[in-house]
Amino acid sequence: ANQMVVGNYIESGRNFRLSLALYDTHDVTRLWTDEVTGSTDSLFSLLDRMANRMAAALCTQPSYNPGNICFDTPAKERAPLVIAVAHPDSGGPLSLLARVSSGGEVSDVRIAANTGAGERVTRALTLLRDARFEPARRGGRPVAAWANVRVGLSGASVEEAVAPARVCANPATAVKNPGQACYDARPVPQSAPLAPSPSSCGLGGQTVNVLVQVGIGGRVIGDPTVARESGCEAFDQSAIDVAQNMTFAPATKGGHPVIAWIVLQMRPASAAGGHE
């Protein structure tokens, strides 16, 4: 048993007092205590009230939901949780526990007994604390509840696995977004990536790839650069000028906007737009 209930009952005439305490059997930590006092005429209703209070206390403990008294449907992460590691086949997914609020935010995180230890667990815990969930529900209403969560592992270089901050700051690696280390959702242009093509470039349907860094406000940070030339230097410069003033829906990570690099495939204004 993970919990133990200890209590006492005192009766005097037609009055009584019932005191109960809930303890964790692993370290004898007191998790909850309460008491009710009343007339023996109302004994059963007061016992029902005490039982409901105890159930609420037990529902704050991980992996407790007998008979669906805590929730009908469990909390579920809105997007798969994955961290980049050098060797994803060594150990498999990590099993963690998250206390998810009725608003879908993580309020507490614990390591499952079989998860193991190490740097990858620390990174998984950090990822989980910023994750967003669909909350558990009981009777159709969102409720706070513990959820069993698996964090997947995605192959990456050692550099990517141990230094995601450096990876995401380096455009050469950040645009690849290894293991979703840099963002969950990429920046999205608010307008088609089209640029005027000077007459000197001819009428061809050439494209140019432009590398830009998008800030959390959706504006371009610094100066865009050409990642792949179109073959016409004048059109390349036109595309850079347009990209510099474009706005974006910023990238997001764990539900929050983040700075991110993106490669825009700029087309002549007379051609269909797109991005990659």
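These legends describe close-up views of a predicted model.

Local features need pLDDT of at least 70 and side-chain atom pairs count only at pLDDT 80 or more, while totals for chains, interfaces and linings use all residues. Residues are numbered from 1 along each chain as its sequence is written, and side-chain values use heavy atoms, with hydrogens and water left out.

**View 1. Strand β6, residues 94–100.** Strands (E, at least two residues) and helices (H or I, at least four) are DSSP runs, numbered from the N terminus. Buried means under 20% relative accessible area, with a 1.4 Å probe and protein chains only. Seven of the seven residues of β6 are buried, so the strand is largely enclosed by the rest of the structure. One side carries Leu-94, Leu-96, Ala-98 and Val-100. The other carries Ser-95, Leu-97 and Arg-99. Both faces are covered.

**View 2. The hairpin of β6 and β7.** Strands pair if DSSP finds at least two bridges between them. Five bridges join β6 to β7 (residues 106–111), and the two run antiparallel. Leu-97 has Arg-110 of β7 as its bridge partner. Five residues lie between the strands. Gly-104 takes a positive phi near 90° in this hairpin.

**View 3. Ser-230 in its loop.** The loop lies between β15 (220–228) and α6 (233–244). Ser-230 is buried, at 17% relative accessible area. Its side chain makes a polar contact of 2.6 Å with the side chain of Asp-236; such a contact is a pair of N or O atoms within 3.5 Å, where within protein one must be able to donate a hydrogen and the other to accept it, and residues adjacent in sequence count only if both atoms are side-chain atoms. A polar atom of the Ser-230 side chain also lies 3.1 Å from the backbone nitrogen of Cys-232.

Definitions and conventions. Buried < 20%, exposed > 50% of the residue type's maximum accessible area, 1.4 Å probe, protein only.
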